[in-house]
Amino acid sequence: MAYFCYIVQCVDGSFYTGWSVDPVRREKQHNKGTGAAYTRLHRPVHLVYIEEQPDLPTAMKRERAIKTLKRPQKEKLIQTYQNKD
């Protein structure tokens, strides 16, 4: 089973980072108000970054690492992801 780290951008421009086995479903949960408390107060959100991880411990470790990044570093990560297509 694959796990994913993801970043959603909130309506106010802030970022929320999490992990999930289905980031698209998780985005819908955040927008319904059944996701994290932070996104309940800052919705709607838009999925802007997805990174696949091989297992749950790795996904959780990567989530923590992304959360420690400064905003410009997160923006660069997101831009690189969006330009890879």
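Visitor: Why does K76 count as exposed?

Guide: In this predicted model, K76 has a relative accessibility of 60%. The term exposed requires a value over 50%, so K76 counts as exposed.

Visitor: Where is K76 found, and how many residues separate K76 from R64 in sequence?

Guide: K76 belongs to helix α4, which covers residues 71-82. Between K76 and R64 there are 12 residues in sequence and 17 Å in space, taken from C-alpha to C-alpha.

Visitor: What makes β1 and β2 a pair?

Guide: Pairing requires at least two bridges between the strands. Strand β1, residues 3-10, and β2 have 6 bridges in the antiparallel sense, and therefore they qualify as a pair. Within this pairing, Q9 lies opposite F15 in β2.

Visitor: In which order do the 3 strands form the open sheet?

Guide: The order is β2-β1-β3, with antiparallel pairing.

Visitor: Why is one side of β2 and of β3 left without a neighbour in the sheet?

Guide: Both β2 (15-20) and β3 (45-53) stand at the edges and have a single partner strand each, so one side of each lacks a neighbour in the sheet. From one strand to the next, the twist averages 20°.

Key: Residues numbered from 1 in each chain as written. Predicted model: local features only at pLDDT ≥ 70, side-chain atom pairs only at ≥ 80, totals over all residues. Heavy atoms only, no water. Helix = DSSP H or I, 4+ residues; strand = E, 2+ residues; numbered from the N terminus. Axes fitted to C-alpha atoms, helices over the stretch in contact; angles between N-to-C directions. Buried < 20%, exposed > 50% of the residue type's maximum accessible area, 1.4 Å probe, protein only.
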